[in-house]
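Me: I am new to this structure and would like to learn how to read it feature by feature. Could you take me through it slowly, giving the general idea before each case?

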Amino acid sequence: MQTDVYLIGTGQTRFGEWWGKSLKNLMGEAVDAAMEGAPCSALDIDFIVVANMLGETVSGQAHLGALASSFLPHRPPAIRVEAACASGSVALHTACALLESGRAETVLVVGAEKMTDAPTDAITTALMGAADGELDAPSGLTFPGIFGLIAERYMHEFGLTREQLNIVSSIHHRNGVSNPFAQFRQEIPAESIGASPLVASPLRLLDCSPVSDGAAACILSTKFPGKFRIAASQMSTDTVSITERPSITSFSATKDAVVRAFEEAGAEQNDIAHLELHDCFSIAALLALEDLGFAEPGRGIQWYEEGGSMTVNGSGGLKACGHPVAATGVKQLIDIKKQLTASGQRWGMTHNFGGAGATCAIHILEHAYA
Amino acid sequence: MRTPDSPSIIARAQAKRRDQLLEGTILSFTTVTHPPKGFPEKPRTIGLIELTNGKHVLAPLLIKEGATPAIGHIVLPRMMLSRVNEQGLRIYNVAYELTERVRMPEEAERQKFPGYILALTGPSGVGKTTISKILTHMLCDFTAGVPIVTSREKKEGDDNEYQYVSVKEFERLRRSGDIVSWTRIPSDTEDRFYGYRASDIASIWKEGKIPVVITEMHLLQGLATHFGRRSILSCGLLPPGHSKRAMLSQLLHRMRTRGRETEEQMQERLTNAKADLRFFDESRDLFDHILVNEDLDDVVQTLKGHVLALANV
């Protein structure tokens, strides 16, 4: 980082199905929560970055920058960014760039998504917007289908069994029990994961993160120092279509971004105490652990089978917390902050990707007084 | 909310469709239980396929009943009605049909190899039974006919090539997995099931002989799926004739001469024979040799050569 960027305010709505709350309501709730604990006043916010993917398709609402700006009395400049499921972390990355350049001193980042207003099949189609419209979508594929292809291939290459895969969602659900902001707070035994209905073979319903409403907000600042410093903010991209990649059992965007993130932070894998990774589907968690360098290719499942010193998705991950697409990347940073506060450890990492790993953004948070 | 599908979007997406009309290998596959809006509302199996030109494509897989896709299977392109858009435009796209060929390392393939089966496939009346009888008689030390389990009534002119069971019993054998390959010949006059038992084939292998089976398209595919395509020495038998019409008239002539069927049954068999002839065109990969039964002796001699080669004599 060119300059020290601190995370000085965080807030989120509980993720879930919010019948009575609109996209705007959700954004407002998260912003209020973030402002409440921050050492700055609303008037100190000199830029807003909004992350959202489905505003137009589900809520008929575009122009979200100005919409968010209207929450603050002085109407600061605001933009919206979109990178499918990576929108939230790309918004954080954008905020870091604004802060590093000196364009802004305190930036409000809001990730928000309203998904449950639309029927499931409409959401399925809308989410396919994150894939390649000419190369992927015409086959009739869905996003679970894309990860079904990845899972089938992964099982073929590395011999992962259905029983092993069951453990992933089961552990995420167990972690989610203690998270008051999680959409699902009940334990689900591993056998139930494997017995849930097929969505896209070999993936079953409980391998998939749910459709959710929710918003999360962070305030980043170079002006107000705090205990938590953004030590690295890196993003990388890959082809949008999986047909243009040599391998589908590893995401090169994750690999690229993590190398640069560790370099920027001056840390390495062993330093990370808490990791929030992007488990949109159970299989994605295994790919992430491997691509991030925490496990050898094909061995990601060992983290779930044997455990380790680092916590993985202590919040419950996307599976238990819910996955309001653009809110997820912002919410992950909030969870890492909470985990570092609780454990007193120094380093935590978030891993958030969009599409089938076409965009990946990684943030490393340093607990400065640890 | 639908997949964007104005005619211009579809035309652009399909511009390079021609490049996809190539053989490919399955890299991965998935069955989507609920395809997106606008696609037929039934589970859709989609493959990630590596074409022979090195490109990867995503496309639906066409899977015949009883077959299951697997990574490494070779697929062939077919045009298929993909969906109908909101304006009623029928959109055709390239889909891929499963073949029984598998691209896998020689070694792994050899480990799974159970033994050879000689399969004779062809339309009714082409002479499969006659050839099989001559061959198994002439080479009784090397070959043995596999009894066909059938639910049809015993008929005059049947030799001991059939084992007759009730439809109920056939169903039971099929469900228990004893019958590994089976077919139902469409018929208005009777309910006819035919199949082969794995135990019959295995006991012939045990004697050190090559089982000889008489098949049609479903039986052949079933055997190839169960035992692996490499296990089947597959011979297609065609009646002489330069056109399909000439072949069909040959078959009708032969059926009349042998006098085993009624006129009604003959008409049915002729309809089935048309489908069989089409199968020869469409599924060439399922055949090692195509023989024209113009001269019985020639055909038998050719097959004898193949059998003796396999028997390492």
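Me: Which residues of α7(A) and α10(A) meet?

Reply: Two residues are in contact if their C-beta atoms, placed from the backbone, lie within 7 Å, and helices (H or I, at least four residues) and strands (E, at least two) are DSSP runs numbered from the N terminus. In this model, A:L165, A:V168 and A:S169 of α7(A) meet A:S282, A:I283, A:A285 and A:L286 of α10(A). By class, that contact has five nonpolar, two polar and no charged residues, where Ala, Val, Leu, Ile, Met, Phe, Trp, Tyr, Cys and Pro count as nonpolar, Asp, Glu, Lys and Arg as charged, and the others, Gly among them, as polar. The model is a predicted one, in which local features need pLDDT of at least 70 and side-chain atom pairs count only at pLDDT 80 or more, while totals for chains, interfaces and linings use all residues. Residues are numbered from 1 along each chain as its sequence is written, and chains are lettered from A and ligands numbered from 1 in the order in which they are written.

Me: At what angle do α7(A) and α10(A) pack?

Reply: Two packed helices are described by the angle between their axes and the distance between the axes. Axes are lines fitted to C-alpha atoms, for helices over the stretch in contact, and angles run from 0 to 180 degrees between N-to-C directions. Here α7 (residues 162-176) and α10 (residues 282-291) of chain A pack at about 90°, with their axes 9 Å apart. That makes α7(A) roughly perpendicular to α10(A), a term for angles of 65 to 115 degrees.

Me: Is α4(A) mostly covered or mostly uncovered?

Reply: A residue is buried if 20 or more other C-beta atoms lie within 10 Å of its own, exposed if 12 or fewer, and partly exposed in between. In α4(A), twelve of the 15 residues are buried, among them A:V90, A:L92 and A:H93. This helix, residues 87-101, reaches 21 Å from its first C-alpha to its last, close to the 21 Å expected at 1.5 Å a residue, the expected span being 1.5 Å times one less than the number of residues. After α4(A) comes A:G102, whose phi is positive, near 90°. By contrast, A:E305 in helix α11(A) is exposed, with 11 other C-beta atoms within 10 Å.

Me: In what order do the five strands of the parallel sheet in chain B stand?

Reply: Two strands pair if DSSP finds at least two bridges between them. The order in this open sheet is β7-β12-β6-β13-β14 of chain B, and the edge strands β7(B) and β14(B) each pair on one side only. Between β6(B) and β12(B) there are four bridges, and B:T121 stands opposite B:T215. Helix α3(B) packs on the sheet, touching β6, β7, β12 and β13 of chain B, and its direction makes about 170° with that of β12(B).

Me: How many residues of chain B are in contact with chain A?

Reply: An interface can be read by counting residues on each side and then asking which elements supply them. Here 28 residues of chain B are in contact with 31 residues of chain A. The largest share of chain B's side, six residues, comes from β1(B), and by class that side has 16 nonpolar, eight polar and four charged residues.

Conventions: Angles under 35 degrees count as roughly parallel, over 145 as roughly antiparallel, 65 to 115 as roughly perpendicular and the rest as oblique.
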